[in-house]
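Visitor: Could you take me through this model with a few questions on how its parts meet?

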Amino acid sequence: MPNIILPDGKKIEFSKSINGLEIAKKISSSLAKEALVMSVNGILKDLTYEINSDCEVKILTSKDNDGLDTIRHDTAHILAMAVQELFPGTQVTIGPTIENGFYYDFSRKEPFTESDLKKIEIKMSEIVDRDEKTYREVWDRDEAIKHFKKIGENYKAEIIKDIPKNEEISIYFHGKWHDLCRGPHLASTGKIGKHFKLTKVAGAYWRGDSNNEMLQRIYGTSWASKKDLNDYLHKIEEAEKRDHRKLGKEMDLFHFREESPGSVFWHQKGWSLFQKLISYMRARQDQAGYNEINTPEILDRTLWEKSGHWDKFGENMYTSTTPDEKVFAIKPMNCPGCVQVFNQGLKSYRDLPLKMSEFGKVHRYEPSGALHGLLRVRAFTQDDAHIFCSEEQITQECLSVTNLILSIYNDLGFENIILKYSDRPDKRVGDDKVWDKSENALLEAIKKTNLEYSVNKGEGAFYGPKIEFVLRDAIGRDWQCGTLQVDLNLPGRLGASYIDKDGSKKVPVMLHRALFGSLERFIGILIENYAGKLPFWISPLQSVVIPVSQDFDEYAKKVHNEVRKVGISSEVDLKNHNLNYKIREHSLKKIPLLLICGKKEVDSNTVTIRKLDSNKQETMELNKFLENYSKLSKAPIN
RNA sequence: GCCCUUGUAGCUCAGCUGGUAGAGCAAUUGAUUUGUAAUCAAUAGGUCCGCGGUUCGAGUCCGUGCGGGGGCACCA
């Protein structure tokens with residue numbers, strides 16, 4: 001006779017076996033109405049699952065993550081049902097839930113079009129209305145394979161073959177339609193409601209392998225209520241408004257063009273932003289003891305062969321053949337050049353740690369499908385640095401890099417930073433003792449930051465472990481920017497050495513680090529994080545002076561010149577438009593400060609300040625304005 | 001690279017089933033002289049992404065190339 005223990009600790013005793021729905025009814029009729037699935041001793045089960053022994057049960061509704069997840073999983077099934085009803089002969093493959101929704105991959109010769117999505121949605125609604133009952137059967141493995149092959153579902157048959165021998169082959173039915181599935185599922189198709197929407201069609205490789213057939217994936221989103229669905233769709237729209245490609249155009253920062261896909265044409269304003277970041281970073285690195293260098297863009301192929309890039313990275317490298325048939329490569333990374341600078345002249349242990357930074361522009365031939373605005377380009381500038389040090393110095397150097405990076409992210413308004421630590425991969429160089437040492441050194445540095453970190457087992461570079469620094473932006477998206485890698489390989493390959501205390505020659509350890517990662521990408525992230533409303537000091541155009549009418553043009557020009565003189569970037573808008581028009585125009589362009597000049601200001605030698613997104617006005621003596629705001633307009637460097 | 005989709009004025013877009021292009025904003029000019037998110041009017045503006053083909057005739061249909069977008073794969 002099962003004793004059921006509820007989450008609040010209450011025990012209910014039943015005289016015979018019982019299923020989830022009956023338990024829910026026993027608790028309350030409203031719970032029975034809202035119940036979707038249940039967890040039995042922590043394992044998700046259908047509500048129809050019969051319980052005959054003591055256990056802990058939690059009835060789950062759409063308020064529980066697992067409940068909502070089950071709604072999405074069911075929506076994926078109904079999508080597959082609808083597709084097979086509308087397009088007979090389509091094979092189903094897999095249809096998991098994902099963040100905010102689900103997808104289902106299909107195999108079908110003819111492509112699905114956007115207009116098919118509408119039809120499918122209508123059919124899905126019909127299926128919900130039919131309220132088909134769900135039931136579960138356990139099938140014999142070989143029978144199941146035979147069955148799915150017979151009905152032409154070869155992918156399903158293949159999936160069954162790969163299910164571990166000790167697992168049941170469960171088949172879920174919604175009415176007549178059935179699918180191999182682990183479950184659990186809602187009691188009937190009516191339970192999912194109609195708060196779903198199919199969002200896009202896309203290609204996806206079978207089993208994620210580009211050697212396999214490309215399937216057609218339909219993405220959708222599904223929620224517990226109309227309101228949740230609308231909120232989600234609204235959130236997507238808001239995110240689109242922040243798109244750096246759109247804002248970059250509107251703010252006149254940069255553009256892309258066919259002649260050089262994946263390379264940025266920086267306009268004056270965008271370039272000014274770019275340069276501000278570089279000079280800020282340069283100042284921070286000067287303070288942190290780095291020496292800036294610069295190395296050639298084009299280097300002989302033999303160097304890349306020695307470094308291992310030709311072999312490992314050749315497919316991504318641009319090459320150039322000179323008229324005398326020599327082959328050069330355009331650098332995809334700065335490290336080999338930097339090692340060559342290190343190699344000039346004898347180095348002693350006294351020189352270590354030697355920190356060499358380089359704002360190096362690198363070119364990588366990325367697959368065309370990977371390109372994405374500033375976030376994935378083929379030519380970009382790294383705020384790169386290589387730290388040559390001894391093994392003993394690794395921890396200390398990693399720690400100081402980490403501290404520098406966190407302080408810089410904070411200055412730029414990012415406070416949510418996650419670390420991803422990747423340790424030794426299977427394919428690696430160097431002996432395990434050295435790996436132990438470098439992994440420990442890195443881990444120790446991470447722990448000292450007290451930051452949250454995740455471990456990616458075996459994801460390190462072949463030459464050493466690494467940390468990736470992930471920023472979480474204003475709307476909760478994660479971006480990988482900075483990276484810190486310990487390299488026990490390249491210095492040796494390129495013959496780097498120093499003379500140690502005991503007079504022996506040693507190979508230095510090299511730390512690769514980039515803080516912004518790529519200036520281009522970082523700018524894209526900044527734009528999206530701030531929705532274009534960049535912090536004052538980094539804003540590409542900090543102020544626009546607006547005369548109230550043409551009578552005050554001269555004063556406005558004077559103000560503009562004074563403002564520029566103290567280092568605040570400024571334009572003066574003398575166009576024949578009224579004040580309202582100009583305020584709107586410059587506000588849309590996200591100019592942080594509008595300086596209004598009219599009779600009042602001329603008479604009292606003042607300016608009236610209107611800040612972006614505020615309709616408050618403040619009139620201030622011109623000199624006072626210059627003094628107060630020139631400080632604020634500079635990078636936060638002490 | 002692969003699948004789908006898309007390419008028309010500086011920008012955002014319309015152009016139905018083929019009959020040599022249209023709107024709004026921006027620009028220019030003129031009027032207006034404006035006090036905190038669009039003053040009015042006139043003018044000018046296009047190899048309809050490139051190359052082939054079908055057709056009496058192609059922005060529109062077909063092929064191909066190159067971009068863009070959404071995914072997948074890739075991201076040393």
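Visitor: How far is an N or O atom in the side chain of R610 from a sugar or linking oxygen of RNA strand B?

Guide: In this predicted model, R610 lies in strand β34, which is among the elements that each supply at least two residues of the surface near RNA strand B. The distance between a sugar or linking oxygen of RNA strand B and an N or O atom in the side chain of R610 is 2.8 Å.

Visitor: Which class of accessibility does L593 fall into?

Guide: L593 is found in strand β33, residues 593–597, and touches R610 as well as F536, Q542, S543, V544, I609, K611, F625 and Y629, where residues up to four places away in sequence are not counted. The relative accessible area of L593 is 3%, and because the limit for this class is under 20%, L593 is buried.

Visitor: Where is K269 found, and is this residue buried or exposed?

Guide: K269 is found in helix α9, which spans residues 268–287. Leaving aside neighbours within four places in sequence, K269 is in contact with M251, D252, L253, P540, L541 and E571. With a relative accessible area of 15%, K269 is buried.

Visitor: Which phosphate contact of RNA strand B involves R245, and at what distance?

Guide: Phosphate oxygens of RNA strand B are approached by polar side-chain atoms of H372, at 3.4 Å, and of R245.

Visitor: What share of the atoms of RNA strand B within 4 Å of the protein belongs to sugar or phosphate?

Guide: The atoms of RNA strand B within 4 Å of the protein divide between bases on one side and sugar or phosphate on the other. The part that belongs to sugar or phosphate is 51%.

Visitor: Which element gives the most to the surface near RNA strand B?

Guide: Around RNA strand B there are 48 residues, of which M333, R364, N576, Y581 and R584 come nearest, and the residues of this surface divide into 18 nonpolar, 15 polar and 15 charged. Elements that each supply at least two residues include β14, β15, α8 and α19. The element that gives the most, with seven residues, is α18.

How values were computed: Residues are numbered from 1 along each chain as its sequence is written. Chains are lettered from A and ligands numbered from 1 in the order in which they are written. This is a predicted model: local features need pLDDT of at least 70, side-chain atom pairs count only at pLDDT 80 or more; totals for chains, interfaces and linings use all residues. Side-chain values use heavy atoms; hydrogens and water are left out. A residue is near a molecule or strand if one of its heavy atoms lies within 4 Å of it. A polar contact is a pair of N or O atoms within 3.5 Å; within protein, one must be able to donate a hydrogen and the other to accept it, and residues adjacent in sequence count only if both atoms are side-chain atoms. Helices (H or I, at least four residues) and strands (E, at least two) are DSSP runs, numbered from the N terminus. Ala, Val, Leu, Ile, Met, Phe, Trp, Tyr, Cys and Pro count as nonpolar, Asp, Glu, Lys and Arg as charged, and the others, Gly among them, as polar. Buried means under 20% relative accessible area, exposed over 50%, partly exposed in between (1.4 Å probe, protein chains only). Contact means heavy atoms within 4.5 Å.
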